[in-house]
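Dear colleague,

Please find below the structure I wished to hand over to you, together with its sequence. My notes on what was found in it follow directly after.

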Amino acid sequence: MVERVMLMGHGPTPVPSRLVAAAYRDEQEAADKVVRLGSGVDVCLFASPVPYEFARKAGVLTMPATFVPLNGAALQGALLRAALDESHEPARVSIDVLSRAEVEEAYGEINLSTEHVHLREEAAGPGTLAAFHERLWRRGATSVALTCVHATAERLELAGVPTLRIRPTGAAIRSALQTSALLGAHHRLEESQLVVVVVDVPTLRETPRRVTPRYWREELKLSLQRLLLQEAHRMSAAVWPLDDHSYLVTATRGSIAAATEGFRTPPFIERVREELGLAVEVGIGMGRTAQEAETHARAALARSQTSQRAQGFALDRDGRALVPAPRTPPRAPAPAKPKGLEILARLADKLADQPGEESGSQQPLIVDAENAGKMLGVTPRTARRLLRTLVEEGLAWPLPPNRTPQPGRPRQLYRLIVEKLGPRATG
């Protein structure tokens, strides 16, 4: 059957596509074939509804899929072959896989009753289907078994049960090939659709109550842009800074879908949080133009910032949420404050235990990433991220860099605001 489809696809009227054969001995292997092909195909065309159902139930169809139908003319062709054999009665048969509506329609078109037609609609393994047909035939309820499954037909023939296979017509195969080609072309166009992502960084917003040192802001912006460029390169996207606290990323729907598990998890958020200790907000938009896509991206961002309900972080070109995913809160969650206080307390205790420090001293406590890393037992890079977290939570202040005659990056010092710890018991 697969060979027949391949030959018709490359015949005198070939479809505008490249066909990849994936033959199997058992329809239940279809799911494994789909997994092996992976993203190498734009659309799956199954030889019948049986392998399609196995693949669908296995949850492996991440691309458009269709199948060669076996209803209508295919079923009537099997009934015609049954009528040509005097030992078969088309009105007394057993049929598998096809739906009752399809069977009744085919019989109605040739003015036959379905009163003595036995049907099993659910797709199953060849052994189960063969047992269904054989049981009815041995009871005398049917004169012939009509099956859509090649392996079932082989089992029935070995058991001596009169069997006819329901085969698709050439017209049905050509129609299925054209349908799959259209599905593949649409999928290609959809995957290449322009997508705009707006990344907003609340920490970089200036407010009357919160003014951060300029050098710290610039260093943070450079680190963030470097990280976004790395992620954008991985998904073949481009990054531009929009203003002092947001960035614009342009990509295709296919690349963003791959990076977000089908728009189930927002991009960039986890890596930025892990490496820079920052919370960012993300909105994804699609549209017929770049301007419309950016408008939808900003709308998605605004919805995630203002709504307490679960909202999608991505909007399609009609402005509808693609996935009603729970909003990932960009601001510090509830457990973040105790974590920051815990880090501050540990650093304060370590500094108080150092030689030369007097109990109850009111001298400011100042650390850099290297010393903080030694006290906390982490790498300087992790310590730098933790110190930035303290700054975001108002538990530390960045001081001007301690410039030295030696070449290299100047040390960034931080003043710990131990007053936020409140009254502490002393031993």
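In helix H3 (residues 49-58), the buried residues are Pro 49, Val 50, Pro 51, Tyr 52, Phe 54 and Ala 55. Please bear in mind throughout that this is a predicted model. Just after H3 comes Gly 59, whose phi is positive, at about 75°.

**The parallel sheet**

An open sheet is formed by four strands in the order S4-S3-S5-S6, and the pairing is parallel. Strand S4 (118-120) and strand S6 (163-165) each have a single partner strand and stand at the edges, so one side of each is left without a neighbour in the sheet. From one strand to the next, the twist averages 20°.

Within this sheet, strand S3 (residues 93-96) pairs with strand S5 (residues 144-147) in the parallel sense, over three bridges. Ile 95 stands opposite Leu 146 in S5. Helix H7 (residues 150-158) packs on the sheet, where it touches S3, S5 and S6, and its direction makes about 165° with that of S6. Helix H6 (residues 126-138) lies across S3, S4 and S5 and runs at about 170° to S3.

**Strand S9 and its antiparallel partners**

Strand S7 (residues 194-200) pairs with S9 in the antiparallel sense over seven bridges; the bridge partner of Val 196 in S9 is Thr 250. Strand S8 (residues 238-241) also pairs with S9 in the antiparallel sense, here over four bridges, and Val 239 has Val 249 in S9 as its bridge partner. S8 and S9 form a hairpin, with four residues between them.

How many of the seven residues of strand S9 (residues 246-252) are buried? Six of the seven are, so the strand is largely enclosed by the rest of the structure.

Most residues other than glycine have a negative phi.

Asn 111 has a phi near 55°, a positive value in a residue other than glycine. Asn 111 is placed in the loop between helix H5 (100-109) and S4. With a relative accessible area of 72%, Asn 111 is exposed.

Phe 268 likewise has a positive phi, near 70°, and is a residue other than glycine. Phe 268 is found in the loop between helix H10 (253-259) and helix H11 (269-276). Is Phe 268 buried or exposed? Its relative accessible area is 5%, under the 20% limit, so Phe 268 counts as buried.

**Salt bridges**

Side chains of opposite charge can pair when their charged atoms come close. The count for this model comes to 16 salt bridges, and three of them are described here.

Glu 89 forms a salt bridge with Arg 92, and the closest N and O atoms are 3.1 Å apart. Glu 89 is partly exposed, at 39% relative accessibility. Arg 92 is also partly exposed, at 22% relative accessibility.

In helix H9 (residues 214-234), Glu 231 and Arg 234 are three residues apart and are therefore separated by about one helical turn. The side chains of Glu 231 and Arg 234 meet in a salt bridge, at 2.9 Å from N to O. Glu 231 counts as buried, at 11% relative accessibility, whereas Arg 234 is exposed, with a relative accessible area of 55%.

Arg 320 is exposed, with a relative accessible area of 52%, while Asp 316 counts as buried at 12% relative accessibility.

With kind regards

Conventions: Residues are numbered from 1 along each chain as its sequence is written. This is a predicted model: local features need pLDDT of at least 70, side-chain atom pairs count only at pLDDT 80 or more; totals for chains, interfaces and linings use all residues. Side-chain values use heavy atoms; hydrogens and water are left out. Two strands pair if DSSP finds at least two bridges between them. Helices (H or I, at least four residues) and strands (E, at least two) are DSSP runs, numbered from the N terminus. Axes are lines fitted to C-alpha atoms, for helices over the stretch in contact, and angles run from 0 to 180 degrees between N-to-C directions. Contact means heavy atoms within 4.5 Å. Buried means under 20% relative accessible area, exposed over 50%, partly exposed in between (1.4 Å probe, protein chains only). A salt bridge is a side-chain nitrogen of Lys or Arg within 4 Å of a carboxyl oxygen of Asp or Glu.
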